[in-house]
Amino acid sequence: AKQTHGAVKKLVDPDYGTITYKTIRKNTPFERKIADESASALEPSKIKATQSLKTRNRNKKRDNQYPNYNQKGEKLMDQNVESIYLEDELVIFYDDDRVHIEPKANDGKTYEPRACQEQSWARDYYPTCNAFHQMDLGRPYDDPDKLLKPRPDNELNMNYIDHGYYRDVWITEDNPWLWPDQYRQEKLVSAKQYGVLHEARTSKLVARAYRSSALKTLQMKHEYDGDSFEEVQLEAVIMERMTYSPRVMNIYGHCAFSVMVEVIPIEFEEAVVFDEGYATNDEIEKRNKNGLRPYNNFTSVEKLHFALEMAESLADLHGFEDGVIVHDDVQVCQWLRRPDGHLVLGDFNRATIMQFDLQRNEYCKFNNGKGFGNYRAPEEFAAKNLNEEIDMFSFGNNIYALLTGLWNFYDTDDDGVVHKKLIAKKLPFVDERYRERSFEERKLIELMEKCWAYDPSERCTAFDAVSFLREVVKESNARIDGATSS
């Protein structure tokens, strides 16, 4: 602003008058004045009630807009209200922004209003923005491998690594001179093949994981709007609550549209699914001409253990003591591998924290918008009356990929074709030879078919899957021990 010596008035907003300020040279503090009373904000003392509180309460009670109370001051629901007015009665009785009154029952057809309450922790929000503001994506950081000598003022190295549909992924790593003892050990990490596309990059990530984190930022092609903000916030809330689980990725921080998480260095999908995961029937028949040959290199025992770890992580979500969490985007790519070989589940920006029906003491089914892609449960294409069982149908698809190294409907990448097949209750083709190939694969097919039940109420739960697979692991170990001893 132009420097002046006298008082200056500037009209900032017609509802709030003008701001009067004087030159800084005279050390006069900034001063706010309402210049025109006609343009000023409302004065609380001038607001007059249109009716007395007693009259208002009497009118609300007459119009059935006021809840009933007993002698102890406890709110009572009118038990004699007609069914057609029950929805309005629930709105009056609960009178809570966290309670959503839904007119229909969980079947989506019967008029039977529900009072669906959000979990108390669902909107707990603890951003750590200062940690994010310390990182500057706008300028290149010095690569420690190319520096002639360390620069103490440059403690962080940052590299763009990959992206999904919604977000870019950056690897932020402390420069090695901050970890002098551990850095010496990095050089001793032996090179290893992980069965992924980027072997060299993966080897570096494995060696540097102890001083690294992954920063996920929203891609600029997407809107920075309320919906995107809530999705990222929801992911942060869920990951914070799931910190106790060793099967769920750890979160280090969250701010606005970004999250910072631990580095899980080994891609899992690239080792499970061959190439793009599609093949023609002629190609498969030719490959299996002299015996069944899956498109991945896992042993049947490895497939069994991977399936168990995936089921256990889903059980952690579905069995969370403070409320059921639905992942809502179960795919092989959502699991990554730690260097010790164990799987870790991540990516919760589509997740749903199920609300609880205070009327019937059960969880409220939900609507998550129409399903897209070729990996979803049939009921998702109707986009209503969903629960955690949608995860289990997709988990069955994961088992199929583990078994074969291909996607479930490997002969087409047309989502519309797959939608029609699933709605018509047509399931992926399973080569019967897998049942005879090994004990473990036979049991995996048995579980997969339970996950693919068309009716969600008849579908295998995550807890059923974990119990089943743990028993299969015991039997598998006993068979291996028996074969070894003989």
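Start by selecting strand S15 (residues 335-337), which runs antiparallel to S16 and is joined to it by three bridges. Strands here are DSSP runs of E, at least two residues long, while helices are runs of H or I with at least four, and both are numbered from the N terminus. What you're looking at is a predicted model, where local features need pLDDT of at least 70, side-chain atom pairs count only at pLDDT 80 or more, and totals for chains, interfaces and linings use all residues. Residues are numbered from 1 along each chain as its sequence is written, and side-chain values use heavy atoms, with hydrogens and water left out.

In general, strands of a sheet pair through backbone hydrogen bonds.

Contact means heavy atoms within 4.5 Å.

Over to helices H13 (residues 439-451) and H14 (residues 462-485), whose axes come within 10 Å and cross at roughly 170°. Axes are lines fitted to C-alpha atoms, for helices over the stretch in contact, and angles run from 0 to 180 degrees between N-to-C directions. H13 and H14 are therefore roughly antiparallel to each other (the label for angles over 145 degrees). Residues to highlight in the contact include Phe439 and Leu447 of H13, and Phe468 and Arg479 of H14.

Now pick Asn368, in the loop between strand S19 (362-363) and helix H10 (389-404). Leaving aside neighbours within four places in sequence, Asn368 has contacts that include Asp328, Arg350 and Ile390.

Last stop: the largest cavity. Select Tyr166, Arg167, Leu218, Ser228, Glu231, Val232 and Asn349, which line it. On a 1 Å grid over the protein atoms alone, a cavity is a set of points where a 1.4 Å probe fits but cannot get out, and lining residues have an atom within 4 Å of a point. Which helix gives the largest share of this lining? Helix H6 (residues 226-241), with three residues.

Technical notes. 1 Å grid on protein atoms, 1.4 Å probe; cavity = no way out; pocket = protein on both sides within 12 Å on 5 of 7 lines; lining within 4 Å. Parallel < 35°, antiparallel > 145°, perpendicular 65-115°, else oblique. Pairing = 2+ DSSP bridges.
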